[in-house]
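Thanks for coming. I will go through one model, helices first, then the core, then the strands.

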Amino acid sequence: MADSVKAKIYFPSQNAFFQQVSARISRFSVFNSSRFAIFPGFCDVHVHFREPGFSYKETMETGSAASARGGYTAVCTMPNLNPVPDSLPHLQQQLERIREGACIHVYPYGAITVGEKGEALADLEGMASHVVGFSDDGRGVQDTQRMRQAMELAKSLGKPIVAHCEDNSLLRGGYIHAGTYAALHGHRGICSESEWGQIARDLELVRETGCSYHVCHISTKESVAIIRQAKAQGLDVTCETGPHYLVMDDSFLQEDGRFKMNPPLRDKSDREALIAGIQDGTIDMIATDHAPHSAEEKARGLEKSAFGVVGIETAFPILYTYLVKPGILTMERLVELLCTVPRQRFGIPLGEDFSIWDLDAQYKIDPDDFLSMGKASPFTGWEVQGRCMTTVCGGKPVYTYHI
Ligand SMILES: [Zn+2]
């Protein structure tokens with residue numbers, strides 16, 4: 001059997017579907033083994049699909065098609081929508097859009113507070129059986145007592161708190177990292193403590209409440225260090241970072257809205273600490289924070305553009321080209337970061353979900369080619385290797401590359 005395997009398969013070997021794929025692999029015998037790879041469906045625990053409420057930025061149809069093109073068969077959507085999913089009736093509007101429009105598995109988060117305003121707690125109990133966890137992504141929960149109550153309730157419901165950590169009292173109108181580029185070009189900066197200070201606060205609350213806790217998009221070296229320490233102490237904490245924080249830093253900034261996201265691109269020393277974090281397991285998973293906006297919202301330069309960049313179609317090619325090929329990460333570790341660990345942490349099953357990639361295909365990233373309605377990518381023009389040829393979700397093809 002083994003000598004008929006012509007495409008390398010990166011499925012976890014205990015997976016039932018892997019056994020079937022292995023048994024039927026002769027179907028793929030036209031492929032040359034070093035060129036083609038089969039991956040289990042990737043899982044992105046942090047995306048913004050913008051519906052209901054902001055269909056001019058992205059729809060369920062375009063967001064899920066873009067995900068399929070990126071090799072993703074499962075995503076978790078953030079609740080900064082209109083209406084915010086902070087009660088079952090509000091959440092049901094989103095669930096209906098998912099049923100009508102999604103070509104892959106879409107799992108929503110419920111909000112932590114009503115309207116993500118940081119005041120009254122949302123109806124966590126009413127939403128619990130329909131969501132993968134609770135998040136106020138887009139903003140931090142400023143009030144410590146409110147976060148403590150949310151953690152206690154989430155724990156009793158058996159769901160994680162998924163935290164966007166940001167201390168508003170330290171922002172002072174900043175919009176890029178308070179580092180070299182901001183100083184040289186006269187921009188207002190966001191200090192690193194605005195992120196790690198709130199993570200440190202939350203970790204004390206996790207110690208108190210025993211809540212399952214996941215930190216969104218960590219970007220600073222201090223965040224890596226305090227999460228590493230918390231894990232060593234046995235706290236139930238996981239975290240993610242995004243592809244852009246691993247391959248870019250503030251020396252890559254240009255006067256263009258496609259470099260503006262929250263948290264911002266930090267210092268080279270932060271990028272190096274994040275890479276050490278994915279190598280040693282402190283950082284559990286890579287999530288894109290795919291955050292599409294209209295062209296007009298991203299055309300106002302660094303200061304005035306909306307926060308957020310797209311990334312779900314470019315994540316694998318960027319990570320393969322700039323981390324796996326230079327030997328910084330193994331392909332097996334990348335599959336853990338993009339699939340195995342996020343699925344385990346959030347209880348998202350892997351069915352007949354896979355993608356086939358041509359790892360030799362070389363091209364330049366061109367947003368005109370994206371299936372996402374969002375075109376603002378910091379990777380425009382980057383040379384990459386790796387093209388998704390097809391993605392299958394639940395046994396059905398959901399993306400095919402057309403030459
Ligand atoms: Zn966020």
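The buried residues of α5 pack against α4 (124-127), β6 and α7. Before more of that, some ground rules. This is a predicted model, where local features need pLDDT of at least 70 and side-chain atom pairs count only at pLDDT 80 or more, while totals for chains, interfaces and linings use all residues. Residues are numbered from 1 along each chain as its sequence is written.

Terms next. Helices (H or I, at least four residues) and strands (E, at least two) are DSSP runs, numbered from the N terminus. A residue is buried if 20 or more other C-beta atoms lie within 10 Å of its own, exposed if 12 or fewer, and partly exposed in between, with C-beta atoms placed from the backbone. Two residues are in contact if those C-beta atoms lie within 7 Å.

Back to α5. Its buried residues are Met147, Ala150, Met151, Leu153 and Ala154. Just after α5, Gly158 takes a positive phi of about 70°.

Now α7, residues 193-209. With 17 residues, α7 reaches 24 Å between its first and last C-alpha, close to the expected 24 Å. Among its buried residues are Trp196, Ile199, Leu205 and Val206. The cover over the buried residues of α7 includes α5 (144-157), β6 (161-163) and α8 (221-232).

Which residues touch the most other members of the largest nonpolar core? They are Ile104, Phe134, Ala150, Ile161 and Val215, out of 112 residues. Such a core is a set of buried Ala, Val, Leu, Ile, Met, Phe, Trp, Tyr and Cys residues joined through C-beta atoms within 7 Å. Leaving aside neighbours within four places in sequence, Ala150 is in contact with Ile112, Leu121, Phe134, Val141 and Ile161.

Last, the strands; two strands pair if DSSP finds at least two bridges between them. An open sheet of five strands runs β1-β2-β12-β13-β14, with mixed pairing. β1 (8-9) and β14 (396-400) are at the edges with a single partner strand each, so one side of each is left without a neighbour in the sheet. β1 runs parallel to β2 (residues 36-40), joined by two bridges, and Lys8 stands opposite Ala37 in β2.

Technical notes. The expected span of a helix is 1.5 Å times one less than its number of residues.
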